[in-house]
Structures are given as structure tokens and as C-alpha cells.
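Please keep the sequence and the structure in view while reading.

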Amino acid sequence: MYFLELGGEDDRFAAREAASAAADVSRIAPGIAVARGLAPERVRGLAYTHRASELLGRTDATLESARALLETATLEREGSVAVRATDIRGSSGVSTTEVERTLGGVLVDRGFSVDLEEPDHVLRAAFSVGELESGDDLEPILAGETRGDSSTTPQSERVSVCALGWLTAESVRDFGSRAPTDKPFFQPGSMDPLLARAVANVAGAREGRQILDPMCGTGGVLVEAGLVGADVVGTDAQEKMARGACTNLEHFLDDPTESPTGTPRGSWHVGRGDATRLPLADDSVDGVVFDAPYGRQSKIETHRLEDLVSGALAEARRVAPRAVVVADRSWLSEARAAGWELEAAFERRVHRSLTRYVLVLE
């Protein structure tokens with residue numbers, strides 16, 4: 001069993017992304033989830049999970065409870081240790097310095113030596129207090145539907161949790177180096193790399209997989225998918241955008257060294273093309289991601305926006321078993337008409353006048 005330290009403002013979305021690197025992910029407190037299995041190498045490429053640790057146990061979010069847990073836990077390790085504590089979102093009020101000192105003392109009493117610079121093992125202690133919402137990842141408001149039962153109203157409970165565990169893997173926090181304005185080719189409205197990495201992961205990006213973005217724009221999603229090892233394919237109806245995406249992909253993926261995530265960088269192919277008529281065979285890619293045009297009009301003269309998105313959804317269904325759609329509204333009725341089922345839905349607030357909706361389709 002492992003525990004995950006989640007990031008961002010939406011734990012449901014973070015947990016859904018974490019499921020691309022872990023099995024049976026379940027939230028247990030604000031900012032904390034547990035999982036039964038883990039692929040450490042994929043944790044490095046997660047956007048909204050900071051760390052994964054092998055779970056020693058969980059208890060109440062107090063120093064006294066954490067100390068009692070550690071004093072009785074089975075510790076099947078040897079060597080030097082360091083303790084790192086976090087008070088998630090400042091919710092528990094514990095002193096992380098006091099936690100680290102106290103738990104470090106327990107470990108010394110149990111035969112470990114302390115090495116704060118290069119320890120053999122790091123003990124993570126995560127404290128969280130707050131409301132934990134129950135329910136699934138389907139948002140009726142996105143679909144314009146009600147289900148006629150209590151599942152439409154999320155229930156919550158007050159929880160107090162301290163999770164202790166041995167650090168197993170950390171995500172690589174290098175997204176600031178790929179801010180949209182810092183890329184060789186930039187256009188306003190480009191997706192930030194954190195969200196781009198997350199939706200790429202949800203779509204299944206990893207080494208040995210192929211990810212398609214049929215409205216690739218500046219190529220931001222494809223860059224992030226390629227940096228976790230996926231081979232990527234992109235099309236865009238505008239020649240300017242297709243050329244710009246090539247510039248960005250060449251800059252970030254045409255490098256013989258490993259990606260910062262520790263995987264080989266994926267290959268890439270981009271061309272000018274119509275998302276409603278993809279030059280791809282049936283079932284030829286593993287996942288599709290696209291950021292649908294915002295507003296009322298498509299920039300493609302030959303398509304109304306509704307026709308463009310409907311056609312892109314139909315083509316995505318033809319070429320892949322999974323799609324992730326980012327948009328400024330729900331396109332669920334069009335997705336269902338194309339043969340998709342809604343697996344999950346999320347809202348991502350960008351700023352006061354823009355909320356992005358993320359639909360995960362199977």
C-alpha cells in the first residue's frame with residue numbers, strides 16, 4: 001500500500017491523473033490518497049501528485065498519534081534516515097519542525113542513524129484535516145442532467161489524517177521551464193504545461209503508447225505526452241499552427257538525452273489536417289486529447305463549431321479507445337452521439353471569465 005501527496009486545487013482530478021501511475025487510487029483526506037499498486041517511474045511524470053510513499057500506517061493528524069504509530073510500526077529497513085513532514089494546506093496546525101525532530105528521535109531510538117543530506121531512506125509524514133467529499137467523478141452539471149437520487153449531491157465528512165511512509169518516488173517539477181510564453185512558438189490561450197501533462201497522462205501517455213491531438217495548436221499537450229515517453233501525432237487545420245507546433249516539438253523532443261522524467265523522449269509527427277477527416281486507420285492510436293475551440297465560432301471556415309467538435313469526436317472514436325476533451329463547455333451530448341461513454345468529468349477554473357471542462361471518454 002502507498003500514500004500519495006496530491007497537488008492542485010481539485011483532489012478528484014489529481015487522483016484521476018494519479019490512476020495513470022497507480023492502482024486503486026482512493027482519496028482519504030484533503031491532499032492525500034492511497035493506492036494498492038504503483039509504477040514509480042510513472043510517478044515522476046505526474047503533474048498533480050508530488051510524492052508517493054510506501055505506507056507504514058495512518059492515524060489522527062496529531063504529533064502524539066504520529067509518534068505512537070511510528071513507535072509500534074514494523075520497520076524492515078536499515079541505514080540512515082531523514083524525516084520530512086508536511087502540513088497539507090496548513091490544515092492541521094502541527095509544527096513540521098517539531099514533527100521531524102520527534103519522529104527522528106523515535107527512529108534513532110529504534111537503531112537508525114540520521115543523515116539530513118543523503119539519507120538511505122526518507123520518512124514522509126503528511127498531516128491533513130478537513131472535509132472529504134465522497135462520490136464519483138461524474139458531474140451532472142456538466143451534462144445538464146440530474147440522476148434523480150442522492151448521488152447528485154456530494155456528501156462530505158470531517159477527517160483528520162496523518163499518513164506515514166517511506167518515500168518511493170517524486171514527480172519532476174520542471175513545468176516552469178515550459179511556460180507557454182517561453183516556448184519558441186507562442187499563441188495566446190495556450191494551455192499551461194501542468195494541465196497539458198495531466199490530460200496527457202489521463203489519456204494514457206507513457207512509453208510505448210501513441211497519443212493523438214487532432215487540434216494540436218502550439219503542440220503543448222503533445223510536448224508533455226512526449227516527455228513522458230509517448231510517441232505523438234498532431235494535426236491542425238491552420239498551417240501557421242501546424243508549423244508552430246513542429247517548432248515546439250522539435251525544440252523539446254528532438255534531444256538524444258532522456259527526458260527529465262527519466263524516459264526516452266517520444267517521437268513526433270505533425271501535419272496540417274482536418275480533425276473531422278483524420279488520415280489515420282481505425283484503432284491506430286492509444287488515446288486522443290484535444291482542446292476544443294472556445295466561444296461560438298470555429299476558426300475553420302468550412303465548419304460550424306458544433307460540426308467541428310462533433311466530427312472530431314466521431315473521428316476520435318474511430319481511431320482510439322479513449323479520449324480526453326478540454327473545452328469551455330460540456331460536449332457530452334455530441335460525445336454520446338459519437339458512441340462515447342462518460343467516465344469522468346472535471347471543472348478547471350483558469351480565471352474569473354474562463355473555466356475549462358475536462359471530459360474523460362471511453
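How many bridges join strand 7 (residues 80-87) to strand 9 (residues 121-133), and do these strands run parallel or antiparallel? Strand 7 and strand 9 are joined by 7 bridges and run parallel. Within this pair, Thr-86 stands opposite Ala-126 in strand 9.

The model is predicted: local features need pLDDT of at least 70, side-chain atom pairs count only at pLDDT 80 or more, and totals for chains, interfaces and linings use all residues. Residues are numbered from 1 along each chain as its sequence is written, and side-chain values use heavy atoms, with hydrogens and water left out.

**The two sheets**

Helices (H or I, at least four residues) and strands (E, at least two) are DSSP runs numbered from the N terminus. Two strands are taken to pair if DSSP finds at least two bridges between them.

An open sheet of 8 strands has the order 3-4-1-6-10-9-7-8, with mixed pairing. Its edges are strand 3 (26-29) and strand 8 (113-114); each has a single partner strand, so one side of each is left without a neighbour in the sheet. Helix 4 packs on this sheet and touches strand 7, strand 8, strand 9 and strand 10 (156-170), its direction making about 150° with that of strand 7. Such angles run from 0 to 180 degrees between N-to-C directions, and axes are lines fitted to C-alpha atoms, for helices over the stretch in contact.

Of its 5 residues, 4 are buried, so strand 1 is largely enclosed by the rest of the structure. Buried here means under 20% relative accessible area, exposed over 50%, and partly exposed in between (1.4 Å probe, protein chains only). Strand 1 runs antiparallel to strand 6 (residues 49-59), to which 5 bridges join it, and Phe-3 stands opposite Ser-53. Strand 1 also runs antiparallel to strand 4 (residues 32-35), through 4 bridges, and there Glu-5 stands opposite Ile-32.

A further open sheet has 7 strands in the order 13-12-11-14-15-17-16, again with mixed pairing. Strand 13 (268-272) and strand 16 (342-351) stand at its edges with a single partner strand each, so one side of each lacks a neighbour in the sheet. On average, neighbouring strands of this sheet are turned by 15° against each other, direction ignored. Strand 14 (residues 287-291) pairs with strand 15 (residues 323-327) in the parallel sense over 4 bridges, and Val-289 stands opposite Val-324. Helix 9 (residues 305-319) packs on the sheet, touching strand 11 (210-213), strand 14, strand 15 and strand 17 (354-361), and its direction makes about 160° with that of strand 14.

| Strand pair | Bridges | Sense |
|---|---|---|
| Strand 1 and strand 6 | 5 bridges | antiparallel |
| Strand 1 and strand 4 | 4 bridges | antiparallel |
| Strand 7 and strand 9 | 7 bridges | parallel |
| Strand 14 and strand 15 | 4 bridges | parallel |

**Nonpolar cores**

A nonpolar core is a set of buried Ala, Val, Leu, Ile, Met, Phe, Trp, Tyr and Cys residues joined through side-chain atoms within 4.5 Å. The largest has 50 residues, and those with the most contacts inside it are Leu-4, Phe-13, Val-199, Val-232, Leu-249 and Val-270. Helix 6 (residues 193-202) supplies the largest share of this core, 6 residues. Beyond its neighbours within four places in sequence, Phe-13 is in contact (heavy atoms within 4.5 Å) with Tyr-48, Leu-195, Ala-198, Val-199, Phe-346, Arg-348 and Val-358. A second, separate core of 29 residues includes Leu-278, Ala-312, Val-319 and Ala-345.

**Helices and individual residues**

The axes of helix 3 (residues 63-72) and helix 4 (residues 96-109) come within 10 Å and cross at roughly 20°.

All 8 of the 8 residues of helix 7 (residues 220-227) are buried, so helix 7 is largely enclosed by the rest of the structure. Its cover includes helix 6, strand 11, strand 12 (231-236), helix 8 (239-253), strand 13 and strand 14. Gly-229, which follows helix 7, has a positive phi near 105°.

Ser-20 lies in the loop between helix 1 (11-18) and strand 2 (22-23) and is buried, with a relative accessible area of 13%. Arg-336, in helix 10 (residues 332-337), is partly exposed at 40% relative accessible area.
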